[in-house]
Amino acid sequence: MSSSDTQHWNPAQYQQNARFVSDLGVPVVELLSPQPGERILDLGCGDGALSLKLVEARCTVVAVDASAEMIAAAQALGLDARVMDGQSLQFEREFDAVFSNAALHWMKQPAQVIAGVWRALKPGGRFVGEMGGKANVAAIVTALDAALSARGKLAPNPWYFPSAEEYSALLVARGFEVRVIETFVRPTLLPGDVGGWLETFAHAYTVLLTESERQALIAEVVDALRGTLCGADGAWRADYVRLRFAAVKPEIAIR
Ligand code: BEZ
């Protein structure tokens with residue numbers, strides 16, 4: 001999923017703390033509306049749970065991800081899954097659609113991603129996806145930054161969360177016709193407290209810490225976020241903002 005050097009993926013931990021990611025990706029599959037016989041690229045496939053849904057829709061699926069661990073998990077499902085950086089896709093006019101759920105925010109070179117998707121698509125092909133949008137996980141980022149700064153440390157934000165306007169402009173600049181693009185707030189129920197989310201996704205903020213420092217920082221961030229992200233019902237919800245879009249490479253493209 002990630003092309004970040006500081007993020008490492010553990011499929012078992014992902015299964016425990018982040019199963020909701022593919023569960024909540026089902027509406028994105030519906031927006032894609034996969035048709036039997038289509039050849040589809042799943043960009044940032046993770047453990048392949050949604051790629052499998054596309055196979056069940058009788059599509060031919062190539063699933064790519066920068067994480068070798070996640071690709072091994074996807075291959076174990078019987079998928080055609082390949083390790084590849086989404087910022088340098090190696091395909092030429094072969095797909096009817098490129099699909100991406102909860103992965104594009106790990107790729108900090110969006111113009112390179114979009115250029116690779118464009119090359120990968122046949123004329124008339126669709127690019128449909130969902131990612132973190134502007135202000136996604138803002139409370140979490142603020143709490144992480146504060147906890148690090150209290151220790152005299154800084155971490156670069158590992159994620160790219162664009163507004164609809166910004167992402168639309170990038171798609172249009174490459175030649176795509178944007179059919180749908182929107183951001184919406186979606187507080188996202190977590191399977192436990194936000195500590196599991198931090199353990200799974202926020203390595204960039206803890207990579208320079210010792211194990212005991214890391215555990216102390218995570219405990220402190222969980223406490224700092226309790227008032228904001230933990231409801232009266234005791235359930236934790238991450239402050240997600242989604243950016244969802246569907247764009248088309250025109251049948252007759254000049255470039
Ligand atoms: C997201 O899906 O919005 C997300 C997941 C992990 C890290 C950051 C954002």
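A residue is called buried when its relative accessible area is under 20%, exposed when that area is over 50%, and partly exposed in between, with a 1.4 Å probe and the protein chains only as cover. The model described here is predicted, so that local features need a pLDDT of at least 70 and side-chain atom pairs count only at pLDDT 80 or more, whereas totals for chains, interfaces and linings use all residues. Residues are numbered from 1 along each chain as its sequence is written, and side-chain values use heavy atoms, with hydrogens and water left out.

By this definition Val 21, with a relative accessible area of 12%, is buried. Val 21 belongs to helix α2, residues 19–23, where helices (H or I, at least four residues) and strands (E, at least two) are DSSP runs numbered from the N terminus. Between the C-alpha atoms of Val 21 and Val 141, which lie 120 residues apart along the chain, the separation is 19 Å. Helix α6, spanning residues 110–120, contains Val 113, and this residue is also counted as buried, at 1% relative accessibility. Val 113 is 136 residues from Lys 249 in sequence, and the two are 14 Å apart in space from C-alpha to C-alpha. In helix α10 (residues 203–206) lies His 203, a buried residue with a relative accessible area of 17%; its C-alpha atom is separated by 28 Å from that of Val 98, 105 residues away along the chain.

Ser 100, which is found in strand β4 (residues 95–101), is buried with a relative accessible area of 0%. Its side chain reaches the backbone oxygen of Leu 43 at 2.9 Å, a distance that can be set against the definition of a polar contact, namely a pair of N or O atoms within 3.5 Å, of which, within protein, one must be able to donate a hydrogen and the other to accept it, while residues adjacent in sequence count only if both atoms are side-chain atoms.

The backbone was examined next. Most residues other than glycine have a negative phi. Arg 58, although it is not a glycine, has a positive phi of about 70°; this residue is placed in the loop between α4 (49–56) and β2 (60–65) and is exposed, with a relative accessible area of 61%. Ala 135, likewise not a glycine, has a positive phi of about 75°, and its place is in the loop between β5 (121–132) and α7 (138–149), where it counts as partly exposed at 48% relative accessibility.
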